[in-house]
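Biologist: Walk me through this model one feature at a time. Give me the general idea, then the case at hand.

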Amino acid sequence: MHQLLSVKTGRGMLSRSVLSVWPQTLWMKSLGSNLMNSGSRRSTKTLSSDWMSELSATMRIFPDFITPQEEESLFQEIEPYLKRLRYESSHWDNAIQSYRETEKSTWNKGNSAVIQKIQKTAFPPDTSLLGHVHVLDLAGDGMIKPHVDSVRFCGDTIAGLSLLSDSVMRLTMVGYEKECFKDYLLLQRSLYVMSGAARYKYNHEILGPDESTFEGNKIPRSRRISVICRCDPKHID
């Protein structure tokens, strides 16, 4: 039986390739080679001593990262841009359904402080960051399918702030999706920071409303906005 392991946790268009799935890359082939032993999979028992601790160390959740007042301030600055856009039924690579998105490089004074707080928490000093913050608006019936962000367009750390709704993010090890997976509860106003193994070795997805459960409990999903900061791809280890 596969064991589902859980941890409780606490708005210009982004380049289309950032969210692309890239199974054809050399890195993915290398990963597959490392995970296979003489053409056969390692046992789940062997994996268990490695992947759980590695994932826990590289996927961090910060509940209540911002206040309700800060969330409202971000929303009020983002919403005028988003409401001009229509929700798309599917992403160009089919990784996202029922979404709209934009990029933002300037913020008002108060919201700039929040963005800087995200960056300071998620990235080491002197890290070269992408100039635009990605704002992804997922409709209440939307979902993000399993994917690994392209290494050509962002580096080894991705930090996302969740606005408006709770949600469940699932991480599954590439090539071992059924054996090695973990669900994370992303509470409204929480921050997740995905780096290293979590960023490169694992697909990540936001569960749709029908599958949105955590520790056996239904997690109601409504419209969700994520404010996402990434570092420059030069900072891949």
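Biologist: Is Arg170 buried or exposed, or in between?
Modeller: Relative accessible area decides: buried is under 20%, exposed over 50%, partly exposed in between, with a 1.4 Å probe and protein chains only. Arg170 is partly exposed because its relative accessibility is 21%. This is a predicted model, so local features need pLDDT of at least 70 and side-chain atom pairs pLDDT 80 or more, while totals for chains, interfaces and linings use all residues. Numbering runs from 1 along each chain as its sequence is written, and side-chain values use heavy atoms, without hydrogens or water.

Biologist: Which side chain does Arg170 meet in a salt bridge?
Modeller: Side chains of opposite charge can pair when their charged atoms come close. The rule asks for a side-chain nitrogen of Lys or Arg within 4 Å of a carboxyl oxygen of Asp or Glu. Here Arg170 meets Asp183, at 2.7 Å from N to O. Asp183 sits in strand S9 and Arg170 in strand S8 (residues 167-173), so the bridge ties together parts 13 residues apart in sequence. Strands are DSSP runs of E, at least two residues; helices are runs of H or I, at least four; both are numbered from the N terminus. Asp183 is buried because its relative accessibility is 2%.

Biologist: How many salt bridges are there by this rule?
Modeller: The count is 9. One of them joins Glu71 to Arg189, with the closest N and O atoms 3.1 Å apart. That pair spans 118 residues: Glu71 is in helix H3 (residues 68-82), and Arg189 is in the loop between S9 (181-186) and S10 (191-195). Glu71 counts as buried because its relative accessibility is 7%.

Biologist: Which residues are linked in a network of salt bridges?
Modeller: Glu79, Arg100, Asp137 and Arg223. Within it, Arg223 pairs with Glu79 at 2.7 Å between the closest N and O atoms. Those two are 144 residues apart, with Arg223 in the loop between S13 (217-218) and S14 and Glu79 in helix H3. Both Arg223 and Glu79 are buried.

Biologist: What about backbone angles: which value does phi of Arg189 come near?
Modeller: Most residues other than glycine have a negative phi. Arg189 is near 75°, a positive value. Glu215 is also positive, near 50°. Glu215 lies in the loop between S12 (213-214) and S13. Glu215 is partly exposed because its relative accessibility is 48%.

Biologist: How many residues has the largest nonpolar core?
Modeller: A core is a set of buried Ala, Val, Leu, Ile, Met, Phe, Trp, Tyr and Cys residues joined through side-chain atoms within 4.5 Å. The largest has 25 residues, and Leu55, Met59, Leu171 and Tyr192 have the most contacts inside it. Elements that each supply at least two of its residues include helix H2 (44-58), S4 (59-62) and S5 (96-104). A second, separate core of 23 residues includes Ile78, Leu163, Val227 and Cys231.

Biologist: Which residues does Leu55 touch?
Modeller: Contact means heavy atoms within 4.5 Å. Leaving out residues up to four places away in sequence, Leu55 touches Leu171, Lys182, Tyr184, Ala198 and Tyr202.

Biologist: What volume has the largest cavity?
Modeller: On a 1 Å grid over the protein atoms alone, a cavity is a set of points where a 1.4 Å probe fits but cannot get out; lining residues have an atom within 4 Å of a point. Volume is the space filled by probe spheres set on the points, which are joined across faces, edges and corners. Here the value is about 100 Å³. The lining has 13 residues, with Leu136, Ile144, Tyr192, His204 and Ile228 closest to the centre. S14 gives the largest share, 4 residues.

How values were computed:
On a 1 Å grid over the protein atoms alone, a cavity is a set of points where a 1.4 Å probe fits but cannot get out, and a pocket is an open set with protein on both sides within 12 Å along at least five of seven lines; lining residues have an atom within 4 Å of a point.
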